[in-house]
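What can be said about each of them?

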Amino acid sequence: MLVAITKPHQQFPVPLTVADYEFSTSDDGDERGRVTLPPGYARSGVMTQIGDELFIYCTQLSKTIWRGQIERIEEARDGSITWHALGFGALQRDARISVVRNMDDMTRWKPVGSEFMPNSGYDSRGDLWEYEIVEAGGFPSIRIRTKRTFTISTNAPFFLAYLYEQPERYVFLSTNEQISVFLNSTTGLATGVWVTPVTAIPLPDAYTLTLGAFTSLTTNGVVSTTSCFGWVIGIRVNAGNETTAGATSATFRATINPQNINDALLASALIGRGGCCDIQLPSISPTKITKKDANLRDIIEQSLTTSVGYHRKRFLRDRPLPTVDFLTDSTLVWRFPETTRVTDVSKAPNRVYGQYRGYWTEHLTATTSITSLESRRQLAWRVASAGEYSSKVVADARRDEAAVALDRQIAPMTVELDNSRYELMMREGVTVPNWAADVSDYAIVPGYFRNAKIMSRTITRERTTYTVSFNPDDFVTALR
């Protein structure tokens, strides 16, 4: 039996035996919930208030199967009461933060003007120095060099800055901020580079920067600080006369925040921006993302380790906070009976392309066709992006991976179960309540020779509907 519990104003369970209801869950978590109590039972829910937490608990399974927050209450003329709730997945999806992890795009660095660094002891002289993007060691790098002859001063070289976008909602996802600098070469009077963090959010109407301590690097090195909102890098030089323009130079590249993400800091940051979930990640969980409005999906989908994937997770609803556990994939395998099935390719494009940043602007790769889908569509193509990436090489590779996955996939399908009887089975064939399976679990579908991944679930009074995919980690299931 399903019961509804609302906290903190109504602690006792309200049976849903005669209620009308619908609860949906996606791969982001619980989405939308609705409970309508008929006139004869509405009194049991009168204490519930807007903003209360809603738990849908299954007494047979002894666990919560849906969890959210009541956002709207309707009291009808006939005396019935309807609660409308948003699930933890919908609430968590709207929580967005500014993130900079493994940022190595050297085209994003901008020159620092003269007198932009007051009280630092240094100045940046763009009239004497210039910079360009070059290839060094197979990677895009920055070369700073003199552009005319002059007397070089040690405290007036040239600096570049990278500031985090929307710093007001930038969060620290590790115990410290880091920048790894790879010094390719120095010539002439150059001896290395200076590195310093931007320690305060710049004023919107000012150009000056508040900087921390300057660190001198004469070889490859890592600079750390407890907190910052960007970094400044400049050429380090000895004093002397520059007799030939361009003779003094430093070539380098940098990566900002290459370290692993701290899951406790990530959870706290998202909660501070409207999220509601605890998050559990493996200890080794680096990601590559630079985005001013990233949510949990954005961050996890850019993971650099194969042990972490957005569809490899479990939802734990009976903890103090709803928990999204990326530590292990679900081990549960359910068995569906022969029942109504709907094959759906509405989210599957037949042409894909990639996006990437160039020196001046953003670009698109060539479009790749998926023949198995394109040959079926008679009226119009369906075109979609495989995502935005840091370079053309990466964008081409991700586009090709998406095309292969789309070409090989078995179309996602929908399975409907009749709630008047138990139709869902455990792997061994024992029947259980039809809503026992959760999103991210696996399922055996009659007529198919590999397990499907459950991608969504909708529970109503009459039926429970599951959407399953046979390629849960491919490009299709990421489309919304």
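Before the classes of any lining are counted, I note that Ala, Val, Leu, Ile, Met, Phe, Trp, Tyr, Cys and Pro count as nonpolar, Asp, Glu, Lys and Arg as charged, and the others, Gly among them, as polar. The model is a predicted one, in which local features need pLDDT of at least 70 and side-chain atom pairs count only at pLDDT 80 or more, while totals for chains, interfaces and linings use all residues. Residues are numbered from 1 along each chain as its sequence is written, and side-chain values use heavy atoms, with hydrogens and water left out.

Entry on the cavity. I searched the whole structure and found one cavity of 30 Å³ or more; a cavity is a set of points, on a 1 Å grid over the protein atoms alone, where a 1.4 Å probe fits but cannot get out, and lining residues have an atom within 4 Å of a point. The largest cavity holds about 40 Å³ of space, a volume being the space filled by probe spheres set on the points, which are joined across faces, edges and corners. Its lining consists of I261, L281, S285, P286, T287, I299, I300, S303 and V308. By class I find six nonpolar, three polar and no charged residues there.

Entry on a pocket. A pocket is an open set of points with protein on both sides within 12 Å along at least five of seven lines. Strands here are DSSP runs (E, at least two residues), numbered from the N terminus. At least two lining residues come from each of β8 (97-101), β9 (110-111), β13 (159-163) and β22 (289-294). The lining of this second largest pocket divides into eleven nonpolar, three polar and six charged residues.

Entry on a sheet. I traced an open sheet of five strands in the order β10-β11-β20-β14-β17, with antiparallel pairing; two strands pair if DSSP finds at least two bridges between them. Which strands stand at the edges? They are β10 (129-136) and β17 (221-225), and because each has a single partner strand, one side of each is left without a neighbour in the sheet. Within it, β14 (residues 177-187) pairs with β17 in the antiparallel sense over five bridges, and I179 has V223 of β17 as its bridge partner.

Entry on S249. This residue belongs to strand β20 (residues 249-256). S249 has a relative accessible area of 7% and is buried, where buried means under 20%, exposed over 50% and partly exposed in between (1.4 Å probe, protein chains only).

Entry on β36. Is strand β36 (residues 463-469) largely enclosed or left open? Five of its seven residues are buried, so the strand is largely enclosed by the rest of the structure. Strand β31 (residues 413-418) pairs with β36 in the antiparallel sense over six bridges, and D418 has R463 as its bridge partner. Strand β35 (residues 452-460) also runs antiparallel to β36, joined to it by six bridges, with S469 in β36 as the bridge partner of K453. A hairpin of two residues connects β35 to β36.

Entry on Y448. I placed Y448 in the loop between β34 (442-444) and β35, where Y448 is partly exposed at 28% relative accessibility. From Y448 to F470 the C-alpha separation is 9.5 Å, although 22 residues separate them in sequence.

Conventions
Helices (H or I, at least four residues) and strands (E, at least two) are DSSP runs, numbered from the N terminus.
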